[in-house]
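Please open the model in the viewer and keep the selection panel at hand.

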Amino acid sequence: MKSINLKINVSGMVQMVGFRWYAKQQADYLNIKGYVKNTTRGDVEIFAQGVADVMPQFIDLIKRGPSRSRVEKLVKEEVLTDKVYEKFSIRM
């Protein structure tokens, strides 16, 4: 199974609505490692590391977001890295 690393930037109403907790819940469910954090611009940044086959499902869940959020834009890019994450964490 091919592994992939994605850097995802999510903008819209994505802070103060439980978005990071939601992203962690979905990542844990799909066995995706990495992190999620708020940015100073009001966006959410996600680094997702996992099996390529599950990434489209993760992206769809992130686009949906938690009930109080509104995702206006999602930008993803594949990233090459040697770093291996052990879990998915919420960064402050």
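Predicted model: local features only at pLDDT ≥ 70, side-chain atom pairs only at ≥ 80, totals over all residues.

Next, select the charged side chains. There are 16 positive and 10 negative charges, and their mean positions lie 6 Å apart.

Switch to a cartoon and colour by secondary structure. The chain contains 2 helices and 5 strands, arranged along the sequence as β-α-β-β-α-β-β. The radius of gyration is 12 Å, close to the 12 Å given by the globule rule for 92 residues, so the chain is as compact as a globular protein of that length. Among contacts with a separation of 6 or more, 79% are between residues 24 or more positions apart.

Now hide the surface and turn to the interior. Buried residues account for 41% of the 92 residues. Select Ile8, Val10, Ile32, Ile46, Phe58 and Ile62: within the largest nonpolar core, which has 23 residues, these touch the most other members. The elements giving two or more residues to this core are β1 (3-13), α1 (19-30), β3 (44-51) and α2 (55-64).

Finally, centre on Phe58. Leaving aside residues up to four places away in sequence, Phe58 touches Ile8, Ala23, Gln26, Ala27, Leu30, Ile32, Ile46 and Ala48. In soluble globular proteins, nonpolar side chains tend to be buried together.

Definitions and conventions
Residues numbered from 1 in each chain as written. Heavy atoms only, no water. Helix = DSSP H or I, 4+ residues; strand = E, 2+ residues; numbered from the N terminus. Rg over C-alpha atoms; globule rule 2.2 N^0.38 Å. Buried < 20%, exposed > 50% of the residue type's maximum accessible area, 1.4 Å probe, protein only. Contact = heavy atoms within 4.5 Å. Lys, Arg positive; Asp, Glu negative; His and termini not counted. Charge placed at Lys NZ, Arg CZ, Asp CG, Glu CD. Core = buried A, V, L, I, M, F, W, Y, C linked by side-chain atoms within 4.5 Å.
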